[in-house]
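Subject: Structure for you to look at

Hello,

Here is the structure I promised to pass on. Please open it first, then read my notes with it on screen.

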Amino acid sequence: MTTLPERPHTALLVIDVQNGVMAGSPRRDGVIANINALVGKARAADVPVIWVQHSDEELKEGSESWQYVTELVPQDSEPLVAKNWMDSFEDTELEAVLAERKVGRIVVTGAQTDACIRSTLHGAIVRGYDATLVADAHTTKDFSQYGAPAPEQVIAHTNLYWKWHSAPGRAGGTVTTTEVTF
């Protein structure tokens, strides 16, 4: 359904599952286990796994907080996209990486739900991709002290509204880890 007709393939995106991002996030271990299951499923189906890694003042490149969690191990052949903005497409190589692999549909996992996950999902749709969110493979920190809802509410709300998200010629949608097909 993507508006990128010359791109029939799917890719798995693993966004910002870094030590500093995941520390204190609810369902951390379960989310990482689900992402690991999806990475295994993607690799078995010969589906590209694209790793995205954020850098900023709090996640200084090379620091311990910037590193991916030890439970997830990218293979040398899998692209790593460095980013500085919430949208994984913004001022990165992601579009080129996906185009090279003829990807028109992305399956999204990672953190933070209310920042980089949402921004990347919307960024994908406006660029012509179909974008599926794995409902039990993303999480966020607690920003309720700043007026945000509790993390579980943020996650539930994002899953709810993305379930029916679409645009002309493009589809959003949510699935659980066990429902993902490549």
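Below is what was found in it, from the overall fold down to single residues.

Keep in mind that this is a predicted model.

**Overall fold**

The protein has five helices and eight strands. Starting at the N terminus, their order is β-α-α-β-β-α-β-α-β-α-β-β-β. The radius of gyration is 15 Å, close to the 16 Å that the globule rule gives for 182 residues, so the protein is as compact as a globular protein of that length. Along the principal axes, the C-alpha atoms fill a box of roughly 45 × 35 × 30 Å.

Next, the contacts. Take those between residues at least 6 apart in sequence: 80% of them join residues at least 24 apart. Buried residues make up 49% of the 182 residues. The exposed surface comes to about 8500 Å². Carbon and sulfur atoms supply 53% of that surface.

**The nonpolar cores**

The largest nonpolar core has 25 residues. Which residues have the most contacts inside it? They are Ile-50, Leu-98 and Ile-106. Several elements each supply at least two residues of this core: strands S1 (9-15), S2 (49-54), S4 (103-111) and S5, plus helices H3 and H4. H4 gives the most, with six residues.

Click on Ile-50 to see its surroundings. Leaving out residues up to four places away in sequence, Ile-50 touches Ala-11, Leu-12, Leu-13 and Val-14, among others. Its list also includes Pro-79, Val-81, Leu-94, Val-97, Leu-98 and Arg-101.

There is a second, separate core of 24 residues. Val-14, Val-17, Met-22 and Val-107 are among its members.

**Aromatic pairs**

The structure holds four aromatic pairs. Two of them are described here. A pair of aromatic rings is described by the distance of the centres and the angle of the planes.

Phe-89 and Tyr-129 form a tilted pair, 5.3 Å centre to centre, with 40° between the planes. This pair links distant parts of the chain, 40 residues apart. Phe-89 is in the loop between strand S3 (80-83) and helix H3 (94-100). Tyr-129 is in the loop between helix H4 (113-126) and strand S5 (130-139).

Tyr-161 and Trp-162 form an edge-to-face pair. Their centres are 6.2 Å apart, and the angle between the planes is 75°. Tyr-161 has 24% relative accessibility and counts as partly exposed. Trp-162 is buried, with a relative accessible area of 0%.

Now find Thr-158, in helix H5 (residues 151-163). Thr-158 has 0% relative accessibility, so it counts as buried. What lies 2.9 Å from a polar atom of its side chain? The backbone oxygen of Val-154 does. Thr-158 also touches Thr-113, Arg-118, Leu-133 and His-138, again not counting residues up to four places away in sequence.

Best wishes

Note on methods
Residues numbered from 1 in each chain as written. Predicted model: local features only at pLDDT ≥ 70, side-chain atom pairs only at ≥ 80, totals over all residues. Heavy atoms only, no water. Phe/Tyr/Trp six-rings, centres within 6.5 Å; stacked < 30°, edge-to-face > 60°. Helix = DSSP H or I, 4+ residues; strand = E, 2+ residues; numbered from the N terminus. Buried < 20%, exposed > 50% of the residue type's maximum accessible area, 1.4 Å probe, protein only. Core = buried A, V, L, I, M, F, W, Y, C linked by side-chain atoms within 4.5 Å. Contact = heavy atoms within 4.5 Å. Rg over C-alpha atoms; globule rule 2.2 N^0.38 Å. Areas by Shrake-Rupley, 256 points an atom, 1.4 Å probe, with all protein chains shown as cover. Polar contact = N/O pair within 3.5 Å; in protein donor to acceptor, adjacent residues only side chain to side chain.
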